[in-house]
Number of protein chains: 2
Amino acid sequence: MADHDAAPPPVVVVSPDTPPAPPSGPPPKASHRGRAPAPAASSNEAAEDLPELEYFVAAGPRGFPSLAEFLDILEVDMGKQADQSNRLQHHTDFFSTDYLVVRRGQEFQIKISFSRPYDASKDKFAVEFSIGPSPQFSKNTYAPVFPTPDRQSSWAGRVVGAAGSVVTMGITPAADAIVGRYHLYVAVATPYGIRRTKPDDSRDLYILYNPWATADAVFLDDEAERQECVLGESGIIYHGSWDDVAERDWNYGQFDFGVLDACLYIMDRAEMPITNRGNPVKVARIASAMLNSRDDDGVLVGSWSGDYVYGVAPTSWTGSTDILLSYYRSRSSVRYAQCWVYAAVFNSFLRCLGIPSRVVTNFFSAHDNDGNLKTDIILDEKGRIDRKNTRDSVWNYHCWNECFMARPDLPAGFGGWQAVDATPQETSDGLFRCGPASLQAIKHGELCFPFDSAFVFAEVNSDVVFYSRKRDGTMEVVKVKKDHVGRMVLTKAPGSYDRRDITHLYKFPEGSSEERTVLEKAELYGCVREKSELPAADVDLLLPSLEVALGDDFQLSLEAVNGSGQCRTVEAYVSGSVVYYTGVTSAEFLFKTPIIKLEGNQSVKEVWQVPARSYMRKLVEQANLHFIATGKVKETGQIVTAMKVVALHTPKLSIKVSELNKVNEEMTATVDFTNPFSFVLENVYIRLEGPGVLSPVSKYYGLLPGGSRVTWMQSFTPRRPGTTRLIATLDCAALRQVYGQIQLDVLP
Amino acid sequence: MADHDAAPPPVVVVSPDTPPAPPSGPPPKASHRGRAPAPAASSNEAAEDLPELEYFVAAGPRGFPSLAEFLDILEVDMGKQADQSNRLQHHTDFFSTDYLVVRRGQEFQIKISFSRPYDASKDKFAVEFSIGPSPQFSKNTYAPVFPTPDRQSSWAGRVVGAAGSVVTMGITPAADAIVGRYHLYVAVATPYGIRRTKPDDSRDLYILYNPWATADAVFLDDEAERQECVLGESGIIYHGSWDDVAERDWNYGQFDFGVLDACLYIMDRAEMPITNRGNPVKVARIASAMLNSRDDDGVLVGSWSGDYVYGVAPTSWTGSTDILLSYYRSRSSVRYAQCWVYAAVFNSFLRCLGIPSRVVTNFFSAHDNDGNLKTDIILDEKGRIDRKNTRDSVWNYHCWNECFMARPDLPAGFGGWQAVDATPQETSDGLFRCGPASLQAIKHGELCFPFDSAFVFAEVNSDVVFYSRKRDGTMEVVKVKKDHVGRMVLTKAPGSYDRRDITHLYKFPEGSSEERTVLEKAELYGCVREKSELPAADVDLLLPSLEVALGDDFQLSLEAVNGSGQCRTVEAYVSGSVVYYTGVTSAEFLFKTPIIKLEGNQSVKEVWQVPARSYMRKLVEQANLHFIATGKVKETGQIVTAMKVVALHTPKLSIKVSELNKVNEEMTATVDFTNPFSFVLENVYIRLEGPGVLSPVSKYYGLLPGGSRVTWMQSFTPRRPGTTRLIATLDCAALRQVYGQIQLDVLP
């Protein structure tokens, strides 16, 4: 125990000193030093170039030919035009881009012009692909592709043909290749070292997921689904209420110029390791966190507050392109989103990268209950919802995404459609992301499998438990509604603008024995259910369905049905409130306290006139009315309830287009709106766009007096043939969700 | 479609305006408005009081007795002293606190003094517990407890006895009750309303997890384990190398004044919903994210850089108390930690809340490979590690935690010990947290179960794959080491200061058929393994174990063993580098290129003198030397390798204590250190503390010349009887990991 450099000095006893003050200024940022050999490669943008020359020695080994005798590379033709076979065969011809875009697990071809004809027997060359910083063979961020069968890597290569000095090389990226933007080099081996093409971004290419390739984890064996869920740009997103469904059109815009770069930037911004980007499970999970701005400065800021002056109202957007490009260019989160905006932009992201996906809407979606199977609603003594004590909410509807992929991280049988949700929910595993959760796992109650399957299960399966809060603060369960939540799940049908009910992908029919078994299994995994066995009431309350236009007077009826042979008296309370689509109550506008006397087996209907003025001044956001009726049966003491959500119909925008529907021929769209109300609409925005025909444009109108009209003529030029839509919204604080659309069949 | 308030005005066509500029200044913060009925209850500190009077009416109903006839509450005796039976029976007597601390699922007793004797036949009262903001019966944040069998809630209550006007009330919190700090009230029901005790914090109590209660999810049926893993304050954390294990003592300090509040604050800071805090799976998961500062401004900032002037060097800490109290008081992250500091403070957190836990050390822990079963090491043509291209690392050791709990979220059979890890790893599911991962799931390769079991599996099971990087940039696998990673997992034995090898809890014996099956199962879940089948080499290289003291010269030997009958020639490279404990290389200090000629079945040893001066100037941090020998067998072309980590032994601190080991009697500790080197040690800190005897204290010495000595006398007073330790560290940039400890048996 001695340093051998010098003799030990004499022993001196040292006394303690005053410790120095810490340095002023903030401490330095964390570095990887000592922790890891290098920072993790997590940026596709920060790509590194390969050197033009490697291991180059000044003089060749004795007896070797001069360097001039080896192949030199004159030109590389990427075959990147939209009408060339690479793009057509890889289903990437819709991308508006200056670069080649292909899919993994499928051959594409490039043409290499050498300085002289290629001789397989003596010339050695490789086509090299690299992605991200410090590309590594062992990390699959560097992939060499060889022309001869004896030297193949995980990316297959072959010479397809040669004409003079031009070699056509076929390249098949591995079916699990990393997805993103690659550099391409051609390298020739000489005894002097490697001679490689100069770095040149024009040879860059994008490699995407490939639902058409059987070996890809996202392989989807259904051409109609692939056309819709990968190539479809026109979306329909459902909202309103399950018995009066409304539609929003949406332009996913996944092929628009710059959108692919924006999608890759989202993964860069998340610092997602490059090596994980070929795994669709990890990409979907990261993106579910990144599409919202919580935790990670992701794409979209949520707001349900009604005050959107710092951005665009969620109801005003017509498509994803503006949002993704704004995030990409400004590098800051875009304001504002609600659930369908998150789901729509997430859908653009997934389709852009080639992961099949669709937006779904769940009507009556349980929220804020942390994945338990109980949504608690507390009633006060008058049968009104006790707002102070009711903390859970059932959203009138909630939108999320499904994406299609194998799940090698789970036992066999759980691949296929996976639920993912980018809307920040308060309590999904403590962080703002959700999924991918296997729909098969949700349907069969196998809730132990990642990610967040118990949470999605609760969104479609929760019971609504009504409590009556007693004077001493304790609560009594008075009613359990088992069929309210997850009333219907809808998505757009492939290849048409029709609805498709996919509730059966999430659960067995209400009341079936399979459903009971699954709910019992869910309890084994810790889901909490309400167990109170309440005797079935012999009186029912019914609130019939209503279709009401915003600004109309209407009739509200409450029907009491006596299923018993005896007389019954129901002391009822009917409360009508304006609610957000999240189920959060804003203001009560109606309160009635009928006492309904029923003979045996009789039913009686009470009817009230609801004048428009009673609710118009209290409206918020999406103009939903929520009615709840609670009654106490005098003779039996039982509590009966009924609930009804009425989504008021908003006026429509009208769009017309001029006649000539041809590619590259100018057309005119006319957007027309008349303010049907007697009051002024202020700060009105109208937006208009259409997949393949018109990039997003908007107009602002400071004041639209009652009864006044706007007419906006917009010229546009269809860029490609096929069926598409023009989509318009009108939005202002007093009137949201005004939509219009028109279908176009563009001829070649 | 018309507002009926007024006649429609005439139609005016409006033209578009210039849209207004967005408001200046930053947009407002997100609010819950419209999104949720109320902000989520996620702060234990922000507790709300219940009103003293509720539903109080001015005059009583006709014919009711006057209010004066009802019970009034004069005093509540919480029985909160450390030597009272509540604390003794609940194993909470060690807590230094002014409040009652009890465990759930087990009865405790309070004494209520009323204004007159209690009459069960007519008096109605309840003891009420509330936690957090807006306490709710349906969320279990409000729990009333009743004295009579007819009115029981999920928290049981009974009258244990009465003496005059004093009632002794027994209360058993539900075995799944929320863990945290509660308010307590006594409420008397009268026809006039509720009469309740005034808010008074002195009645607050803490309810903790209870490993002694069979119905608690953390029930652990082993008294020795409970004593160690819940009540143990003195820890040993292993480090060094598996064939030369070193120890650090640690004071977990979970019972120290303020530590329990600090632990609850960590959950508040994470905004963890109060309702989840009774679930040990969720608490452990949140805490694994919160113990590090990444993502969430959690407790500890990691640094492996060697520059710790902005805080305390990780090697300098002696216990958790300073760290937790500093975080709690300053509300900002504490600098600096490395893996054992994260694990030690996480352990304090878990033990403090009553979740059984222990710190474990895994020797040769695979990192940075994103849960794959391959750790890639790239060798250049000379057999040196190619630092530019090697991105993975194997840590010499890594510390994490195990905690004991049921896993109702998984199928049966995966409860018990769970691995959790608070050290921020680059790539665990994209976020800096890990676990709880069931050890049973890891051992049996059931890697589909949350959380992060595949990641922990890789830490103990990865293969080390050596590649040789060729001139053209391609790589060839030259060696796969299957038994290197996860060489041994150690934890402190319960009730002693001995080591306990728990490797078998993580995996089946190396080479067993069970091990093969498990590795195959892991591949089914997507773990990537190296499949190259390399012929077994007939020559072996061996680097024997070494125990070297810092500053000593030593001999390095390399043995080549020829297992074949023929002559063999090995062209070997031996490289010695200084490395961080993370396996990251700092500087090479030795490089030899022996050519070893071997007769058939011969073994030859090459020996080199390594002078201290060759490595001393290059040392970093924990003074680890890493040797790697690579050889190419000329006759067969095979590559052979050997690796060895030598953890240099640092000098020791000496601690002596004066003789009288008795509670409340002053004693003196003498810490003694002589600088054994010829060089000056600068900016030296010595720290000293001991569970139950001495709170953390430190001394600073600006300069310790070579050969000089420090002697520090510190008086202290044992607070309770039993075996404990004094723990000291000495730390400066040039010399880290200098430890000393002494055991004390304090008499009552």
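## Getting oriented

In chain A, 69% of the contacts (heavy atoms within 4.5 Å) between residues at least 6 apart in sequence join residues at least 24 apart. This is a predicted model, in which local features need pLDDT of at least 70 and side-chain atom pairs count only at pLDDT 80 or more, while totals for chains, interfaces and linings use all residues. Residues are numbered from 1 along each chain as its sequence is written, chains are lettered from A and ligands numbered from 1 in the order in which they are written, and side-chain values use heavy atoms, leaving out hydrogens and water.

## Exercise 1: Chain A as a whole

Task: Describe the make-up, extent and surface of chain A.

Solution: 
- Begin with secondary structure, where helices (H or I, at least four residues) and strands (E, at least two) are DSSP runs numbered from the N terminus. Chain A has 10 helices and 40 strands.
- Next, take the extent: the C-alpha trace of chain A spans about 115 × 95 × 55 Å along its principal axes.
- Then ask how much is covered. Of the 748 residues in chain A, 60% are buried (buried is under 20% relative accessible area, exposed over 50%, partly exposed in between, with a 1.4 Å probe and protein chains only).
- Carbon and sulfur atoms account for 50% of the accessible surface of chain A, which comes to about 27800 Å² (Shrake-Rupley method, 1.4 Å probe; for residues, only the protein chains shown count as cover).

## Exercise 2: Domains

Task: Find the domains of chain A, then say how far apart the centres of domain 1 and domain 4 lie.

Solution: 
- The assignment, which is automatic or from a database, gives domain 1 (53–208), domain 2 (235–524), domain 3 (539–647) and domain 4 (654–746).
- In chain A, the C-alpha centres of domain 1 and domain 4 are 47 Å apart.

## Exercise 3: Salt bridges

Solution: 
- Start with the total: the structure holds 69 salt bridges over all chains (a side-chain nitrogen of Lys or Arg within 4 Å of a carboxyl oxygen of Asp or Glu).
- A:Asp123 meets A:Arg116, at 2.8 Å from N to O. A:Asp123 counts as buried because its relative accessibility is 6%, whereas A:Arg116 is partly exposed at 23%.
- A:Lys374 meets A:Glu530, at 3.9 Å from N to O. This pair links distant parts of the chain, 156 residues apart: A:Lys374 sits in strand β18 (residues 374–379) and A:Glu530 in the loop between α9 (513–524) and β26 (539–542) of chain A. Both A:Lys374 and A:Glu530 are buried.
- A:Arg736 pairs with A:Asp731, their closest N and O atoms being 2.5 Å apart. A:Arg736 is buried, with a relative accessible area of 7%, and A:Asp731 is buried at 4%.
- One network of salt bridges links A:Lys139, B:Lys374, B:Asp376, B:Asp392 and B:Glu530.

## Exercise 4: A helix and a loop

Task: Is helix α8 of chain B mostly covered or mostly open, and where does A:Asn140 lie?

Solution: 
- Helix α8 (residues 453–461) of chain B is mostly covered, with eight of its nine residues buried. Among them are B:Phe455, B:Val456 and B:Phe457.
- A:Asn140 lies in the loop between β6 (125–130) and β7 (142–145) of chain A. With 49% relative accessibility, A:Asn140 counts as partly exposed.
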